[in-house]
Amino acid sequence: NPAANLLARWVREGDWKLIDRTPAGGKVRASLYNLKDDPFEMKDLAMDQPERVKQLQTLLDEWWKP
């Protein structure tokens, strides 16, 4: 059961990368980066871009269904 020990999931779409560290059934804890502008992932944009977080979270959830 890989989901039992999973610490994070991530998805990338275009220049955007979402790292999801949400515990099962818990509050969403995600980091969002624009890799074109920030290739070293230094500035988390999740608070500034909640709709993009939601969009990428949905994409990730559709792909990964534990």
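The points below go from the overall fold to the core and then to one residue.

This is a predicted model, in which local features need pLDDT of at least 70, side-chain atom pairs count only at pLDDT 80 or more, and totals for chains, interfaces and linings use all residues. Residues are numbered from 1 along each chain as its sequence is written, and side-chain values use heavy atoms, leaving out hydrogens and water.

**Overall fold**
- The protein has 1 helix and 3 strands, where helices (H or I, at least four residues) and strands (E, at least two) are DSSP runs numbered from the N terminus.
- Along the sequence, the pattern reads β-β-β-α.
- Of its 66 residues, 30% are buried (under 20% relative accessible area, with a 1.4 Å probe and protein chains only).

**Nonpolar core**
- The largest nonpolar core has 10 residues, including Trp16, Leu32 and Val53; such a core is a set of buried Ala, Val, Leu, Ile, Met, Phe, Trp, Tyr and Cys residues joined through side-chain atoms within 4.5 Å.
- Strand 2 (16–20), strand 3 (30–34) and helix 1 each give two or more residues to this core, and helix 1 gives the most, with 3 residues.

**A look at Gln57**
- Gln57 lies in helix 1 (residues 50–63) and is buried, with a relative accessible area of 11%.

Technical notes
Buried < 20%, exposed > 50% of the residue type's maximum accessible area, 1.4 Å probe, protein only.
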